[in-house]
Amino acid sequence: RITVSGSQICPDIKSNEIAVEVEDSVRITLEGENKLCPGQNVELKAITEGTPLSIIWDDVTENGQIATDKKSIFVKPSVTTKYQVSATAKYCPTATDTQTVYVDFVPTFNLSISTDSICEGEEITVSTDFPYETSLVWEQAAINSNTFSALTTGSQTLILSPQKSTKYKVTAFTESGCPAGNKTTTINVDAKVNVNLADTSICYGESTYLQSSPFNTSYKYQWATTPNFSEIDYEGNRILVNPKETTTYYLRATNGLCKEEKSTTVTVAPLPTITSYEYVGYHSIAFNANGGTGSYEYNFGSGFTTSNVFEKIHYSTTYTIRIKDELGCMDDTTLTTPTYHIIVPDFFTPDGDGTNDVWKISNLDKFEVFTVQIFDRFGKQLYQYNDPTMSWDGTYNGNEMPSTDYWYIINIEEIDRQY
């Protein structure tokens, strides 16, 4: 504000107030990795000083403006790219910084072999044209496996003499360590045929796999049920069979001109079976069995036991009984226990004449857990029992009850029913 002093007569004159805004200058610095492998991304960070109005990101190489008002961005360039970040101010000049992100060049390459098949003991040459020899990693694996183990590093050409069919893999990296991929090849080695078969036993009705040991993918396997192989039943190392009687199977394995024939016998064991059963008391059943091999074990629903007596059965229930012999052969039998209905008398006459003197429910002895409750018309419980030999004589605390209607509740736990 400007003030002009007046005279003794005229007053001072003051101008309007004028505000002068002083802005701090802005600065910006770009930080982030400047070397990438193809397919990687990198975070670029803008470090600012002052208070910029806006932050503008530009792909200087090809895309122009790519983001605004962000302190950092992630970029995934496919080629070497120059990025610029600008910080604008209200009055002060715009601050900028640039950074070039270099994307490593990854050359393509090939893997070649002198031949894909050799005999055991011969040599084979495996080579690659990848230019960075020191960055090569060689691995090997069995023909039927994808688990590779280290072989050697830093060589474009290998001279190998595998003793069995093998897969070889070379993995390449650039001088900067970027992965260039891998190549895999397979060397087939013809070797002497080696076939081993073992006899086996199964239970009647079961299936089993037959196969030679060791397994070799270079072999051709043929199975027959006649020793002269007049009819080939199956081709392949592993065969699923389900003979109904003891049977001999024959295997022919060939590897080039090499051949070997072996046989194996599958013995079919008969199943044990439950032939009869009888009730032993009200809640137990004894089972008789025949067939199978050796002694038996029984499973009544809670694991195998050597006892042939099924205890604590429930009536009106279907059970699956499993029997097993010493070879593990098993057979199942389904058993449904009888259904018993309780018989509740409508009345009784406790007059001491020996007829209908007590109120007794029939067939309660067929159930292991139950309760019987008797009430008067006001809901007062007069009597309760859970013994099938018990009954009600029409008294309460030793006093005879009047002749009238009474109510009962019968709960039978094992069949989850209330009468």
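Predicted model: local features only at pLDDT ≥ 70, side-chain atom pairs only at ≥ 80, totals over all residues.
The largest pocket holds about 410 Å³. Its lining consists of 19 residues, with Phe347, Phe348, Trp392, Thr404 and Tyr406 the closest to the centre. Here the classes come to 13 nonpolar, four polar and two charged residues. The table sets out the volume and the lining classes of each pocket.

| Pocket | Volume | Lining classes |
|---|---|---|
| Largest pocket | about 410 Å³ | 13 nonpolar, four polar, two charged residues |

The chain as a whole comes next. Its secondary structure consists of 38 strands and zero helices. The radius of gyration of the chain is 47 Å, whereas a compact globule of 419 residues would have one near 22 Å. Along the principal axes, the C-alpha atoms occupy a box of roughly 145 × 115 × 30 Å.

Of the 419 residues, 32% count as buried. The accessible surface of the chain is about 25300 Å², and carbon and sulfur atoms account for 46% of that area. When contacts between residues at least 6 apart in sequence are taken, 51% of them join residues at least 24 apart.

Two residues show the local detail. Ser284 lies in strand β27, which covers residues 284–291. Is Ser284 buried or exposed? Ser284 has a relative accessible area of 15%, and because buried means under 20%, Ser284 counts as buried. Leaving aside residues up to four places away in sequence, Ser284 touches Glu278 and Tyr279, together with Val309, Phe310, Glu311, Lys312 and Ile313.

Gly281 sits in the loop between β26 (272–279) and β27. The relative accessible area of Gly281 is 53%, and because exposed means over 50%, Gly281 counts as exposed. Lys312, one of the residues that Ser284 touches, is 31 residues from Gly281 along the chain, and the C-alpha atoms of Gly281 and Lys312 are separated by 10.0 Å.

Conventions:
Residues numbered from 1 in each chain as written. Heavy atoms only, no water. 1 Å grid on protein atoms, 1.4 Å probe; cavity = no way out; pocket = protein on both sides within 12 Å on 5 of 7 lines; lining within 4 Å. Points joined across faces, edges and corners; volume = space filled by probe spheres on them. Nonpolar A, V, L, I, M, F, W, Y, C, P; charged D, E, K, R; others polar. Helix = DSSP H or I, 4+ residues; strand = E, 2+ residues; numbered from the N terminus. Rg over C-alpha atoms; globule rule 2.2 N^0.38 Å. Buried < 20%, exposed > 50% of the residue type's maximum accessible area, 1.4 Å probe, protein only. Contact = heavy atoms within 4.5 Å. Areas by Shrake-Rupley, 256 points an atom, 1.4 Å probe, with all protein chains shown as cover.
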